[in-house]
Amino acid sequence: MKYYSRHLILPVHLNNSQTLCCGQLMTWLNEQATIYASCQMKSQCHVAKLISEISFMTPAVVGDIVEFGFECVSLGQSSVTIRCKIRNKVNHAPIASIDKMVFVNINANGLPIPHGMKVDAA
C-alpha cells in the first residue's frame with residue numbers, strides 16, 4: 001500500500017475527548033479517496049457508491065501527522081474499488097481502515113459509463 005497524503009492534527013480537529021474527531025477524519029478520507037479514484041480512472045466525473053464500515057484502532061491527538069494509504073482492490077466496467085488505511089506517520093500506528101470504497105465513473109446525466117481501465121497483467 002502506498003501512502004499519498006498527510007494531515008496535521010490541530011486543536012480544531014478534536015472531539016470532547018481531545019482526540020481526532022471521526023467526522024473530521026471522514027471528511028479528509030472522502031476527499032483523499034475521491035482524488036485517488038479520480039487519478040486511477042483518469043476521470044473528473046465520478047461518485048462514491050459505497051463506503052464499507054470504518055474500523056477505528058488508535059486515537060490521534062494534537063501534533064500527530066496522519067497519512068492516508070490507498071490501493072486498488074478491483075475494477076468493474078465503470079467502477080473502481082479501493083482499500084484505505086490511515087496511520088500515524090511517525091510510529092505507523094494504525095488509526096483506521098476501510099476495506100471497501102467503490103467509486104463509479106459517470107456521464108453528465110449521472111449515468112455510469114465505462115472508465116476504460118485495464119487490470120495490470122501479472
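Modeller: This is a predicted model, in which local features need pLDDT of at least 70, side-chain atom pairs count only at pLDDT 80 or more, and totals for chains, interfaces and linings use all residues. Residues are numbered from 1 along each chain as its sequence is written, and side-chain values use heavy atoms, leaving out hydrogens and water.

Biologist: What makes a set of residues a nonpolar core, and which members of the largest one touch the most others?

Modeller: The set must consist of buried Ala, Val, Leu, Ile, Met, Phe, Trp, Tyr and Cys residues joined through side-chain atoms within 4.5 Å, where buried means under 20% relative accessible area, exposed over 50% and partly exposed in between, with a 1.4 Å probe and protein chains only. The largest such core has 23 residues, and Phe68 and Ile86 touch the most other members. Helix 1 (22–41) is among the elements giving two or more residues, and with seven residues helix 1 gives the most; helices here are DSSP runs of H or I with at least four residues, and strands are runs of E with at least two, numbered from the N terminus.

Biologist: Why is leucine 8 called partly exposed?

Modeller: Because its relative accessibility is 45%, leucine 8 falls in the partly exposed class. Leucine 8 lies in strand 1 (residues 2–8).

Biologist: How do you know that aspartate 64 has no salt bridge?

Modeller: A salt bridge needs a side-chain nitrogen of Lys or Arg within 4 Å of a carboxyl oxygen of Asp or Glu, whereas the nearest side chain of opposite charge to the buried aspartate 64, lysine 89, is 12 Å away.

Conventions:
Lys, Arg positive; Asp, Glu negative; His and termini not counted.
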